[in-house]
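Please have the sequence and the 3D structure open while reading.

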Amino acid sequence: MRQFFALAAAAGLIACSPPETEAPAERDAPVIPVTMTETAPVAADEEEAGLPGTDIHIFALSWLDGRPVIGAASGGVIRPGYDNQPFFTPDGGGLLYTAGDETGETDIWHLDLASGETAPITRTPGESEYSPRVPPGEAALSYIYQPPGGYAGNAYLANADNSDRHAAEDLAPVGYYLFSGDMRQVVTFALGEPNSLQLIDRMMDPQEPVHVADNPGRSFARTQTGDGAWVTLERGDGGYAVHRLDFASGTLRDGFDLPGDSQDFASLASPMSGMFVFDGFFTSSNGTLYYGTVSSDPSATTLSPAWLEIADLGALGLSDVTRIAVSRNADQIAFVTAE
């Protein structure tokens, strides 16, 4: 297993700062399939395994007058089987993702962005790991752990090589999660009837999850201040709205609708003129990539981005885009697509 540096939810889920304004990159480079160094087993019958066939495509990202520009294709993870849930490592050199095998189980893999080589981080027969992230402290790696015998996962913390793995919170089954900037709280997508958004204070003994809302979506992102989270809740029309969750109080603020029926977004720091920092959001709907910004100031009176149409995803060779991830330096963007 290959070590990598400073690694920063259910199958199927980002903070960064845009660089200085620069000219748009070229768009005509083809997507480069990745050749795996240690090839993850391919699902022979994905329907039987229960995992859809998905690929990860990475493109250059540049900025022109504060507006994102999608540039040349720069690789990804493109093979038969399930490859999903991309997360760029904070050092800018790698991408964590979830890969499925022929048994329907999943492991966490690492893609080296410079070489295109991949290697497993977890190799756990009979067990599965999902939703890799690099937490803001305490450990090098976090993910959802599924023990043998069925889905009953907790959010886990581990070293970069998956040693010293341990549960970060007591609630199960959990499908997705996000830690606060100080690691004290974790917000979770708790599976149940209905699924619910639960907030856990990890310093409490025993832990007592606080119910926040029902019917959450799977996308979570910390606000740029670290004291809040952007979460999605299902709307009455079947679409999703993004809300701001305050970690300390557990309160939700009314937010804004994602376009169409999308539930996936990627969040990044978007410096603007004036006193406050703005959070930027990428999302997609009906083959179009959108971008918008809202104030990171918790006291802001309104949260309502003016969505800009950034790209025709079909023109980039992408279809059925779901999850999106952006690198910390906002110079690369990853899209999950159907095969």
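The text below goes through individual salt bridges and the exposure of their partners.

The model is predicted. A search of the whole structure finds nine salt bridges.

| Salt bridge | Closest N and O atoms |
|---|---|
| E138 and R202 | 2.9 Å |
| R184 and D201 | 3.0 Å |
| R235 and D237 | 3.0 Å |

E138 forms a salt bridge with R202. E138 sits in the loop between strand 7 (128-133) and strand 8 (141-146), and R202 in the loop between strand 13 (196-201) and strand 14 (210-214), so this pair ties together parts that are 64 residues apart in sequence. The relative accessible area of E138 is 53%, so E138 is exposed, the cut-off for exposed being over 50%. R202 is buried, at 13% relative accessibility, where buried means under 20%.

R184 forms a salt bridge with D201. This pair also links distant parts of the chain: R184 belongs to the loop between strand 11 (174-179) and strand 12 (185-190), while D201 is in strand 13, 17 residues apart. R184 counts as partly exposed, with 37% relative accessibility. D201 has 16% relative accessibility and counts as buried.

R235 forms a salt bridge with D237. R235 is buried, its relative accessible area being 18%, whereas D237 is exposed at 60% relative accessibility.

Definitions and conventions. Residues numbered from 1 in each chain as written. Predicted model: local features only at pLDDT ≥ 70, side-chain atom pairs only at ≥ 80, totals over all residues. Heavy atoms only, no water. Salt bridge = Lys/Arg side-chain N within 4 Å of Asp/Glu carboxyl O. Helix = DSSP H or I, 4+ residues; strand = E, 2+ residues; numbered from the N terminus. Buried < 20%, exposed > 50% of the residue type's maximum accessible area, 1.4 Å probe, protein only.
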